[in-house]
Amino acid sequence: MTTTSRPNPLGPGFDVPGSEIRYREAFNKTLGDELRRDPDVFVMGEDVAGGAGREDLGIIDSWGGAFAATKGLIQEFGADRIRDTPISEAGFVGAAIGAALTGTRPVVDLMYFDFITVAWDQLLSNAAKNRYMFGGQGKIPLTLFARSGVAAGYSAQHSQNFYSMVAHIPGLKCIAPSDAYTVRGLLAAAIRDDDPVIICNHKKLINMSSFVPDESYTIELGKGRYLRRGADVTLVGMSYTSEVCRLAAELLAAEGIDAEVVDMLSLSPIDEDIVLESVVKTNRIVIVDEDTPRCNMATDIAAIVADKAFDSLDAPIKRVTGPHTPVPYSKPLEDAFIPSPEDVVATTKKLLGA
Amino acid sequence: MEITPEKLRWLYTTMYRIRRFEEVLLEQTALGKSMGVAHTSDGEEAGPTGICAHLTDADWIGSTHRGHGHCIAKGVDTAGMMAEIFGKYTGLCKGKGGSMHIADFTKGMLGANGIVGAGIPLAVGAALSAKLKGDGSVGVSFFGDGATGEGTIHESMNLASVWKLPVIFVCENNHYAESTPVEYAVSVTDIADRAASYSMPGVVVDGMDVFAVYDAAGEAIARARAGDGPTFIELKTYRYHGHYHADDPHTYRLPEEEELWKARDPLPNFERKVIEQDLMDEVEMERIRNEIDQEIQDAVEFAEESPLPPIEELYTDVYVNYSNSVQGLR
């Protein structure tokens, strides 16, 4: 991930003490910071420690979560605050909502974003609506994280990106960090936020490294950032497709096309201003979303642009997405599903009549 | 329960076929031939074998992410399975599902399922069809100790009970859900004790003894076919490997515990019994093993030599009669 000298308006920037670490390490580090900062914060989920209940056998922290997000935390914070659950998503997410309503700040590991539907009613009927239905009584400072996205043969039930379904629901917030730097700031912000926030950790980002400041910081929810400034076309990415857009911009630059890349970071609340500001300048926009095409985030952003930047558009709004299918297993089919930098380049060149 | 010589041979052949398939799959996965993860069930063979011994192609089974044993016991073809796991077009699901989603509807296998607890109601649904059609078939739902934490097990058992459905709930209690031990995650020691709350018989069975499984399953399936409703069978069993191929179970299991279970391995268990009782001999069993070894080797070759699916298959089978997926949005 390019760490340019251009000042980054989100978080402390890159001229502070820090190091190149992977997304998963930034996540783990930040969880530890937040647990230390606020005794009401606790983590629960399946195998967040692992080997639960076996301390007397000398077994502790055997997994530390499915991508080691919580490794090393139980030793410091104990089994009450790093709490393994049975496989009961509706039950423990519901319990997390109730705990949040009554004074604690749960951080729930849902393991795979696809499993959110097992807990969906609790999120939809309770987390999203309680504060509203009760006239402002109660708040739900719940943070929920899970791995999302297509990678390496995880197949149809473990590869989805339907974050638009979360963004669609009034009362829920949804964020999609795009690298180790942003996940550190966004996770801290999500935990400190008093509303329910769902964090999508794309599988392909987990092992990618970028510069991460040592000190704690937050990145404001509802703010996107530029990954690249340009004049000819706006490329909008979210989660892993921000990286896809960045790569596409490099390929386009080699062909003399100067692309601007917007990294959404926040799906709800959403930064309309950065998208509009960019397309007013470039007059053309391609939105890249690894989700399936009907009613996805790309469609939502396209409607905003069509409404509020209509006079700036010199061409139709293009969306590059997965197809309207479940995610297939076999690699050539899976590769064909994923919107690639080459797909973005091809669409952009057609858009520019090049 | 009387077991015919043919059925005895079938029991051994099936258990060994599962064992060999899982062992070879782990080898092939380590060589990078699989496109995804492998959740193997070696150690657990006696369960699906003893149960499916009483089933026909007209009966349906529901399964889990750890479904290779269920497939094989239900008569699903190992070459088609291996090709599926290798992501090939000749796979049972054209390479679109992989290990966690292997299905064969010609054999009554409703499919492996990656969402814990999600397969349980499907088998209840098969029993519902059976009841509506009056065809005497049954549904068998396989699930693990971990799945008993899901709401679907409660809803499915209650439904099967109040509707008196011909379904058998089979809990393969291998004592771990990923890295989480059953003593931590489940509120009872014998999960079958919960069956009484749903007004159905619950039996605890030694899941390492295919004869014990065969007997208990025979009773339960006969009950179901006679219209007397569901039964809950809990198999005490063990998976020899980790949750999936790259999981080291020694981070949460003690080697001494593994040794205790391996000492009760269903295959030598069976061999000892049939030799003692003069029902089969070692020559015959060795011949079976050699045949199966060859069969699995052939399955690997078949899978290796098979083509990948064409890109057009990305867009098929979404619906029966509608397609909205031409090229995605590009």
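Colleague: What do the buried residues of α9(A) pack against?

Modeller: In this predicted model, they pack against β10 (233-237), β11 (259-263), β13 (285-289) and α10 (297-308) of chain A. The buried residues of α9(A), a helix that covers residues 272-282, are Ile274(A), Val275(A), Ser278(A) and Val279(A).

Colleague: Why do you say that the buried residues of α9(A) line one face of the helix?

Modeller: Viewed down the axis of α9(A), the buried residues fall within an arc of 120°, and therefore they line one face of the helix. Just after α9(A) comes Asn283(A), which takes a positive phi of about 70°.

Colleague: What makes Gly139(B) a buried residue?

Modeller: A residue is called buried if 20 or more other C-beta atoms lie within 10 Å of its own. Gly139(B) has 30 other C-beta atoms within 10 Å, so Gly139(B) is buried. The residue is found in strand β2 of chain B, which comprises residues 139-144.

Colleague: Which residues is Gly139(B) in contact with, leaving aside its neighbours within four places in sequence?

Modeller: Contact here requires C-beta atoms that lie within 7 Å, and among the residues that Gly139(B) contacts are Trp60(B), Gly62(B), Ala130(B), Pro166(B) and Val167(B). Ala123(B), Val124(B), Ala126(B) and Ala127(B) are also in contact with Gly139(B). As for Ile221(B), this residue and Gly139(B) are 82 residues apart in sequence and 9.1 Å apart in space, C-alpha to C-alpha.

Colleague: Turning to the sheet of chain A, why are β3 and β12 said to stand at the edges?

Modeller: The sheet is an open one of seven strands, in the order β3-β2-β4-β5-β7-β6-β12, with mixed pairing. β3 (82-84) and β12 (266-268) of chain A each have a single partner strand, so one side of each is left without a neighbour in the sheet. From one strand to the next, the twist averages 20°.

Colleague: How do you know that β2 and β3 of chain A pair?

Modeller: Two strands pair if at least two bridges are found between them, and strand β2 (residues 41-45) of chain A and β3(A) are joined in the parallel sense over three bridges. Met44(A) stands opposite Arg83(A) in β3(A).

Colleague: Which helices lie across these strands?

Modeller: Helix α3 (residues 89-101) of chain A lies across β2 and β4 (105-112) of chain A, and runs at about 160° to β4(A). α7(A) lies across β2, β4, β5 (143-148), β6 and β7 of chain A, with an angle of about 160° to β7(A).

Colleague: What is the division of chain A into domains, and which elements does domain 1 bring to the contact?

Modeller: Chain A is divided into domain 1 (20-213) and domain 2 (225-351), whose centres, taken over C-alpha atoms, are separated by 27 Å. Their contact takes 26 residues from domain 1 of chain A and 25 residues from domain 2 of chain A. On the domain 1 side, the elements that give two or more residues are α6 (163-167), β6 (173-175), α7 (180-192) and β7 (197-202) of chain A. The residues of that side divide into 13 nonpolar, 11 polar and two charged.

Colleague: And which element gives the most to the side of chain B that touches chain A?

Modeller: The contact takes 40 residues from chain B and 44 residues from chain A, and on the chain B side α7(B) gives the most, with three residues.

Conventions:
Residues numbered from 1 in each chain as written. Chains lettered and ligands numbered in written order. Predicted model: local features only at pLDDT ≥ 70, side-chain atom pairs only at ≥ 80, totals over all residues. Helix = DSSP H or I, 4+ residues; strand = E, 2+ residues; numbered from the N terminus. Buried ≥ 20, exposed ≤ 12 C-beta atoms within 10 Å, placed from the backbone. Contact = placed C-beta atoms within 7 Å. Domains from an automatic or database assignment. Nonpolar A, V, L, I, M, F, W, Y, C, P; charged D, E, K, R; others polar. Axes fitted to C-alpha atoms, helices over the stretch in contact; angles between N-to-C directions. Arc of directions from axis to C-beta.
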